[in-house]
Amino acid sequence: MSDSTAIVYVVDDEASVRKSLGRLLRSAGYRVLAFASAREFLQQPVEAEIACLVLDVQMPDLNGLELQQFLADADRNVPIVFITGHGDIPTSVRAMKAGAQDFLSKPFDAKDLLAAIERAHAKAREEAIESASSLDARQRLARLTPREHEVLLQVIAGRLNKQIAAALGASEKTIKVHRGRVMHKLDVQSVADLVRLCEKAGIRIE
Amino acid sequence: MLPANVLFDTALRQSLQSVPDLDCSSEFLDEVDFPTGYRERLLEFLRVKYVEKPPDVLVAFGSRSLDFCLQVRPQLFPDVPIVFAGLGRESPGEPERQGRVTGIRATFDGPGTLHMALRLHPHTREVFVVRGEAPIDTAAAALGWSTFRPGDFRATFHFLERHPLQQLLQRLSELPPNSLVIDLALSGSDDGPAVPAREAVESMARVSQAPMYAAFDTYLGQGLLGTVTTSMQTIGHETGEQVAEILASRGTDRLPGVRTLEAIPIFDGRQLRRWGIRKKHLPPGSQVRFEEPSFWRQHLALVIVSSGLFLLQSGLILALVLQGRSRRRAQREAQRRRQELEHMTRVATMGELTASLAHEINQPLAAILSNAQAAQRLLAAGGVDAAEIGDILADIAADDLRAGEVIRRMRALLRKGDADPTTLDVNDLVAEVIGLLRGEMILQNVSLALDLAPGLHPIHGDRVQLQQVLLNLMVNALDALKDTTASNRKVVVRTATPEGGFVRVEVEDAGAGVPADKLESVFDPFVTTKPHGMGLGLAICRSIILAHGGRIGSSNNPAGGATFWFTLPALMEAKR
């Protein structure tokens, strides 16, 4: 089931945990990059691949929850599976509320860890695809002229050509031409497709 | 005089049993019987013996002992309060006028004894008073007898000398009817074969044709009928109370005033039956002893008498043996209580550290499980790499030992039992305690700096007790850092060999420090700077370190925070 290109970052100050997790995750087909501290991990250049982070909660210096906060502030959306030597409820609630994928207490069963990593990767993949298509939609929308963009907003708001012409102070015929160019430039066949594309690009529909 | 000493000493110690941390030692002066030069040697002996541990209070039993104490105090124990005891109400002098002297005056009511005896035996015509010759007897004769006028009585008085004893016994066996004997002698007999006082009294009572009374209760039980006196036990007990009072108000200059104890009539129940005196005729408030002579008591008396005879020349040894026994019992009891308390605080400390200990054990457990499951997956996938499986198994074994070690250390600290002193390396102790606290430091985000002196001298001590001291100081240091900023969350543990043959250990934190008014008292029981502290941890640390012959203390650092330190005597000859 695992994705051979997927990366698992392991951040734990305990050498024996890093080593054993490395073995386990490699046996499941992952690429593993292990770090002894949060700072060491942050010095690693950002890779574009599908990745997740297996993160120890209690570490000297910068701890797991602080690293989670730091990554969120830096807009790095890597899904996190927390592991902890001493799990208390307030800590796990805090981690989950801040968007953690999972929270496992040491010692954990390999099955549980691998399932959590699988879910984290699925989420990372989804997010990657979503962000890829959103990028594509935004690039296509960027091809429109300002006037065509104005017409587009009116169309996705569900207005008729006559209403658009009145609103923009142009003839109905001119609007029809603009509208044809928008559909052509964005490579869509129907208004429904057009609406979906705009949603992907993050345009708010009124 | 010796049995009186023992009675007094035992009662004194009993009443002091409730005072914690008290070491009571007795010195028998015995000057009466020893040649010149003895006093100089005795002074030197006392000086050497108490130079390290000067006493808080001196108790002087008897007037000679008081004289001795007053004489040597300026040289040996300046300003140490003296509590005298065993002086009669009427013995001359006012020792309390000398600075820092108080005490207990007893009532040895010789005339009262005589009056009581005459009331109980109204047909008495002749009274025989036995006097001793030893200096101590002359002193005793003065006690309460200064106002004695034979002419005030209807009876005729005869004075008999205790020495020689054979002659005295002869006289006593021939006493006419309606006689009384009052024994004022205190000492034994040293004419011919020497006889201790106890034995002498017993022989006298055995042959006496008349009831015998005495001015003291020391030999009641040896055949004397009764006395009117303050009992030696009461004197010992009251002296103990006064000593406890002085100890409790240490630091102030006030001493309790001299207390005078009343005399009460005391009788031997067996002698009352022998002389046909009914209890309803006794004066009100009388105390009757030996009413039910038990088999045990009869045998005890025999044992004491015969050993007293045997040890005639060196009664000192008898006293020390008796004393040593009761002291050892008290010490054992105190030690048992201390162990209980130590154990209790260890359990409490470990309770505070459960999160940390769980963390320390779960780390290797997590590594073991991941390694084992990785190996299972590798085996299931086929194409087994034996070398890799070997590595995995080696790591599993190492992690298992590590988890076991944490549990072993924990169990050792929770162990209950006697101290087991061995030769220890202080740096190892530090490493072991840090092993238990590592998780706690990570949880609290505290960094640790170790500054351990290489090649430290080993020390001799109990591993668990010393670990407890370090654990306590370190947990305190971590607690002190709870409210500090992240940059101050640092603990330094330092070991060093300063001069003077002591290994020194310091635990330094950068917390708020100890409030100035508590720096002195923080090692006292029930003094704490923590809102939920029991105030026992440091008190126990101190008793452990003192028991190891070391010292413990604390100071605030110039840059903030506190340093707690202790020293332990180094084993010099075994330097590694």
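Trainee: So what do the side chains of Glu508(B) and Arg494(B) meet in?
Mentor: They meet in a salt bridge, 2.8 Å from N to O. That term means a side-chain nitrogen of Lys or Arg within 4 Å of a carboxyl oxygen of Asp or Glu. Glu508(B) lies in strand 16 and Arg494(B) in strand 15 of chain B, so the pair ties together parts 14 residues apart in sequence. Strands (E, at least two residues) and helices (H or I, at least four) are DSSP runs, numbered from the N terminus.

Trainee: Can I trust the details, and how's the numbering done?
Mentor: This is a predicted model, where local features need pLDDT of at least 70 and side-chain atom pairs count only at pLDDT 80 or more, while totals for chains, interfaces and linings use all residues. Residues are numbered from 1 along each chain, chains are lettered from A, and side-chain values use heavy atoms, leaving out hydrogens and water.

Trainee: Which residues are linked with Arg494(B) in a network of salt bridges?
Mentor: Asp451(B), Arg504(B), Glu506(B) and Glu508(B). For Asp451(B) and Arg494(B), the closest N and O atoms are 3.5 Å apart.

Trainee: New topic: where is the kink in helix 14 of chain B centred?
Mentor: On Leu437(B), with a kink of about 50°. The bend is the angle between axes fitted to the seven residues ending there and the seven starting there.
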